[in-house]
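This report goes through one protein structure part by part. The sequence and the structure come first, and the notes follow.

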Amino acid sequence: MTDSFIPYGRQSIDRTDIDAVVEVMQSEWLTTGPVVERFEQALADFVGTEHAVAVSSGTAALHASMFACGIGPGDEVIVPPLTFVATANAVVYQGGSPVFVDVQEGSLLLDPDLVEKKVTSKTRAVIAVDYAGQPCDYQKLRAICDRHGLFLIADSCHSLGGCFQGKPCGTLADLTAFSFHPVKPLTSGEGGMVVTGNADFAERARRFRNHGITTDHRQRQEQATWHYEMIDLGFNYRLTDIHSALGLSQLGKLERWLAQRRNIVKLYEKYLEPIGQVRLLKQHSNRQSGWHLLVIRVAGGRRDDLFQQLRTEGIGANVHYGLVYRHPFYRNSFQIPEGTCPIAEQAEREILSLPLFPDLQEEDVRRVCMTIRNFFSEAWENGAQR
Ligand SMILES: *Cc1c(COP(=O)(O)O)cnc(C)c1O
C-alpha cells in the first residue's frame, strides 16, 4: 500500500461480510427482521450486558440514551469539549444544555474532579467520552454520579472492545452508545447500538427508534393485528437487516482487529520514540484501549505545518477534534467563553491523528514516522542555516 494515499482510518471488508449482506437481500426481511435481533444479541454477549438496541447511527444511540433517561428542557448534561459534535448535539436534541468540562492533561479524558465541581441543581447526567479508544475513569465518575443522583452515559463510539479494571466498555455506565461508522472499531455502513443492563432503559430506547410506537411491524404481523399505539415522540432510527448482517459478520473479527491495532500502536511507539517533538497520549495501566485513534501531541506550534507536510506526502493525518463549543452553532446558541476548558483548548492546537486501522502495514507506519522525522530534521537544518 506504500506510495498510495493512506487514510487515517478504514474499514476491513472480506468475502464473508459480502455474502452475509447478500443473503439478507435475498431473504424476506430487509428491515425489522431477525438479523437485527441476532446482531443485538451477539453484541450484548460480546460486551457482557443484558440489553442491546440497534439504531441507525452512533448519534441516534446517544439521542436514544438521552431520551431513555428523560433529559428535557432545563436539564444540564456534562460533556467534554474534545469530542465529535454528536455527543453534545444529543443533549440539545432533547432541549437540554450541554455543560462543558475540561479533560485531563495526559490522556485527554474527561476529568472527574472537575465534573464534580460543575454539578448544579439542574445537572441530570454526565456523558463520558472514551477519547481515542481509552475508557474514562468510570470508578470515579460512577461515585460522583451516585453522590449527586445523576445518570452516567458512556459515549463509547471509540472504545468497543476496551476495558476499565477488566470490565468491558458497555458495562461501565447506565447506558452506552456505540457507532458502526466505517472508521469505527467495526462497521455496518452506518449504524449504532445502545447497550444497558436496565430493562426499562432498553424498552424506552427500543420504542424511541420506532416513532415511540409500542410494537414493531414484525410483531404485528406475527400477532395478526393492525393496531398500534404511539406513546412517546420517537424517531425512525431503525437499523436495517442489511446493515445488521454486515455488523454481525464484522463482530466475529473484532478481537483479531483489536490485536492488530495494538501491534500497530507498538510500532508507532517504537518509531516515534526518538522524535522529541511529538508524544503519544498517556495510557492508564488499569485500562485497555480500543485503539480507535492514534493521537500525537506536536510541540512548538508546528502541528498545522506537520499536518500539511503529511497530506503532501499522501498521508491522511487528521485532527480529532476542533472543540465542540468553538463551532459557530455552539458559540451562537450557548455563548461559551474562551478559557472554559484550557487544557482542551491547548490540546486542540497540538493534536494530530495518524493512520491507524487493522490492515495498516508496518512499511506504512515507517513511512508515516519517517515523514515526521524528516519534517523536524529539515526544520532544524533550515533553522541552523539561518
Ligand atoms: C462517531 C462518533 C459519534 C457518532 O457516531 P455516528 O455513527 O457517526 O453517528 C459520536 N461520538 C463520538 C465520540 C464519535 O466518534
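Predicted model: local features only at pLDDT ≥ 70, side-chain atom pairs only at ≥ 80, totals over all residues.

Leaving out residues up to four places away, its contacts are Val-79, Pro-80, Pro-81, Ala-88, Lys-118, Val-324, Tyr-325, Tyr-330, Ile-336, Thr-340 and Cys-341.

Phe-100 belongs to the largest nonpolar core, which has 70 residues. Together with Met-66 and Tyr-131, Phe-100 touches the most other members of that core. Helix α3, residues 58-68, contributes the most to this core, with seven residues. Another core, of 28 residues, lies apart from it and includes Leu-267, Leu-294, Val-368 and Phe-375.

## Ile-351 and its surroundings

Ile-351 is in strand β13, which covers residues 351-354. With 0% relative accessibility, Ile-351 counts as buried. Beyond its neighbours within four places in sequence, Ile-351 is in contact with Leu-82, Leu-108, Tyr-131, Val-295, Ile-296, Arg-297, Arg-303, Val-319, His-320 and Tyr-321. Val-278 is 73 residues away from Ile-351 in sequence, and the C-alpha atoms of the two are 9.6 Å apart.

Tyr-321 is in the loop between α11 (303-312) and α12 (328-334). The phi of Leu-108 is near 60 degrees, which is positive although the residue is not glycine. Leu-108 sits in the loop between β3 (97-100) and α5 (112-117).

His-211 also has a positive phi without being glycine, with a value near 65 degrees. The loop that holds His-211 runs between α7 (199-208) and α8 (217-222). Are Leu-108 and His-211 buried or partly exposed? Leu-108 has 1% relative accessibility, so Leu-108 counts as buried. His-211 has 32%, so His-211 counts as partly exposed.

## Helix α9 against α1

Two packed helices are described by the angle between their axes and the distance between the axes. For helix α1 (residues 15-25) and helix α9 (residues 241-251), the axes come within 8 Å and cross at roughly 150 degrees. Angles over 145 degrees count as roughly antiparallel, so α1 is roughly antiparallel to α9. The crossing of α1 and α9 is right-handed.

On the α1 side, the contact is made by Thr-16, Asp-17, Ala-20, Val-21, Val-24 and Met-25. On the α9 side, Asp-241, Ile-242, Ala-245, Leu-246, Ser-249 and Gln-250 take part. Seven residues of this contact between α1 and α9 are nonpolar, three are polar and two are charged.

## Helix α9 against α2

Helix α2 (residues 34-47) also packs on α9: their axes come within 8 Å, crossing at roughly 30 degrees. Angles under 35 degrees count as roughly parallel, so α2 is roughly parallel to α9. The crossing of α2 and α9 is left-handed.

From α2, the residues that meet α9 are Pro-34, Val-35, Val-36, Arg-38, Phe-39, Ala-42, Leu-43 and Phe-46. Their partners in α9 are Asp-241, Ser-244, Ala-245, Gly-247, Leu-248 and Leu-251. The contact of α2 with α9 divides into ten nonpolar, two polar and two charged residues. Asp-241 and Ala-245 of α9 take part in the contact with α1 and in the contact with α2.

Key
Residues numbered from 1 in each chain as written. Heavy atoms only, no water. Core = buried A, V, L, I, M, F, W, Y, C linked by side-chain atoms within 4.5 Å. Buried < 20%, exposed > 50% of the residue type's maximum accessible area, 1.4 Å probe, protein only. Helix = DSSP H or I, 4+ residues; strand = E, 2+ residues; numbered from the N terminus. Contact = heavy atoms within 4.5 Å. Axes fitted to C-alpha atoms, helices over the stretch in contact; angles between N-to-C directions. Parallel < 35°, antiparallel > 145°, perpendicular 65-115°, else oblique. Left-handed = near helix turned anticlockwise from the far one by under 90°. Nonpolar A, V, L, I, M, F, W, Y, C, P; charged D, E, K, R; others polar.
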